[in-house]
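Here are my notes on the model you passed along, as numbered points. I hope they are handy to keep beside the viewer while you go through it.

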Amino acid sequence: MSQLSRRKLIAGGAFAAAGMSGLVVAAQLATHYGLIPPDSGGWYGPGTTLTYAAQRILNRHSLAREFTRNQISAQPFANLVAPLGDAFQRSQQNSFVDWRLQVDGLVARPASFSVAELKSFPSRSQITHLACEEGWSYVAEWKGVPLSHILELVGAMPQVTYVVYRSIQPDWWESIDMADALHPQTLVTHGMNGADLPVPFGGPVRMRVPRQLGYKSLKYMTRLTLTDNIKQFGKGLGSSEPEDGYSWYAGI
Ligand SMILES: Nc1nc2c(c(=O)[nH]1)N[C@H]1C(S)=C(S)[C@@H](COP(=O)(O)O)O[C@H]1N2
Ligand SMILES: [Mo]
């Protein structure tokens with residue numbers, strides 16, 4: 001996949017000139033290079049496959065835009081939908097000292113990290129935009145551990161193709177491919193605007209994936225699972241969002 005060059009993509013274009021439609025060629029290239037998103041079946045399948053494959057071929061390493069301090073939103077919008085439940089509340093009363101981020105699946109050293117441990121790891125801060133698919137957005141400074149660092153700590157196996165991440169809210173779960181999992185801006189986030197990550201914004205720990213829409217930035221995160229078989233999770237569509245009609249890949 002890494003050897004795929006713009007030249008080869010243009011060679012694909014030659015097929016199109018030979019009479020096949022662009023979509024068919026794109027689908028063939030995507031299959032050949034393993035660029036099929038988990039929710040590629042169904043009505044939106046060809047469109048989402050084309051978007052995803054094109055992004056990964058041409059833009060794999062691009063950075064999300066970072067802003068300056070004076071562009072941070074004065075009133076960020078927390079989107080709290082469902083109650084957080086008793087287990088969450090007990091942990092909150094206990095200042096989250098018992099909160100754990102469990103890391104399992106295809107790893108050499110399964111682990112479980114406390115918030116204090118996560119805070120002791122190398123961190124990165126970045127001021128980025130969080131955009132909800134429903135139209136609102138805000139800019140904030142997020143601080144966290146690059147997910148790539150955690151994958152290194154636990155010894156991610158070479159065959160891993162997706163990182164599945166889960167929340168204390170069972171209806172919310174997500175996954176990303178290795179391009180996003182290893183991307184320097186993908187953070188296991190524990191801080192926001194200079195303080196601990198507030199509960200309405202996903203504290204104590206959330207994922208931030210600034211190259212994708214807000215729903216990929218899962219809040220109240222409890223578990224990371226590294227896998228080479230995304231189909232075995234949930235309904236096999238890569239996250240809870242496609243079950244509600246949104247696409248698994250939400251690149252912006
Ligand atoms: N656990 C959990 N994660 C979640 C959500 C949620 O309701 N629960 N909402 C998602 C959606 S749709 C968006 S747009 C963002 C909202 O992030 P915010 O509350 O910081 O604005 O979180 C995402 N992660
Ligand atoms: Mo959203």
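1. Gln55 counts as buried because its relative accessibility is 15%, where buried means under 20% relative accessible area, exposed over 50%, and partly exposed in between (1.4 Å probe, protein chains only). The residue sits in helix 3, residues 45-59; helices (H or I, at least four residues) and strands (E, at least two) are DSSP runs, numbered from the N terminus. Leaving out residues up to four places away in sequence, Gln55 touches Arg60, Ser62, Arg211 and Tyr249, with contact meaning heavy atoms within 4.5 Å. With Tyr249 there is also a polar contact, side chain to side chain, at 3.4 Å. A polar contact is a pair of N or O atoms within 3.5 Å; within protein, one must be able to donate a hydrogen and the other to accept it, and residues adjacent in sequence count only if both atoms are side-chain atoms.

2. A word on provenance: this is a predicted model, in which local features need pLDDT of at least 70 and side-chain atom pairs count only at pLDDT 80 or more, while totals for chains, interfaces and linings use all residues. Residues are numbered from 1 along each chain as its sequence is written, chains are lettered from A and ligands numbered from 1 in the order in which they are written, and side-chain values use heavy atoms, with hydrogens and water left out.

3. For the overall picture, the chain has seven helices and ten strands. Of its 252 residues, 47% are buried. Among contacts between residues at least 6 apart in sequence, 67% join residues at least 24 apart. The chain exposes about 12400 Å², and carbon and sulfur atoms supply 55% of that; accessible areas come from the Shrake-Rupley method with a 1.4 Å probe, and for residues only the protein chains shown count as cover.

4. Which residues have the most contacts inside the largest nonpolar core? They are Leu118, Leu147, Val163, Val188, Met221 and Leu224, in a core of 32 residues. A nonpolar core here is a set of buried Ala, Val, Leu, Ile, Met, Phe, Trp, Tyr and Cys residues joined through side-chain atoms within 4.5 Å. Strand 1 (100-105), helix 5 (115-120), helix 6 (147-154), strand 5 (162-167), helix 7 (178-181) and strand 10 (221-227) each supply at least two of its residues. Helix 6 gives the largest share, four residues. Apart from this core lies another, of 13 residues, including Ala53, Ile57, Trp173 and Ile230.

5. Leu147, Ile150, Leu151 and Val154 are its buried residues. Viewed down the helix axis they fall within an arc of 100°, so they line one face of helix 6; the arc is that of the directions from the helix axis to the C-beta atoms. Just after helix 6, Gly155 takes a positive phi of about 70°. Gly155 is also among the contacts of Ala108, together with Val154 and Met157, once neighbours within four places in sequence are set aside. Ala108 itself belongs to the loop between strand 1 and strand 2 (111-114).

6. Is Gly144 buried or exposed? Gly144 is buried, with a relative accessible area of 0%, and its place is in strand 4, residues 137-146. Beyond its neighbours within four places in sequence, Gly144 is in contact with Pro122, Ser123, Arg124, Leu187, Val188, Thr189 and His190. His190 is 46 residues away along the chain, yet the two C-alpha atoms are separated by 5.4 Å.

7. Polar side-chain atoms lie 2.5 Å from a ligand oxygen for Tyr138 and 2.8 Å for Arg206. For Trp172, an N or O atom in the side chain is 3.4 Å from an oxygen atom of ligand 1. The protein covers 99% of the 530 Å² of accessible area that ligand 1 has on its own.

8. Lastly, a pair of loop residues. Leu35, between helix 2 (22-32) and helix 3, is buried at 3% relative accessible area. Gln71, in the loop between helix 3 and helix 4 (86-93), counts as partly exposed at 34%.
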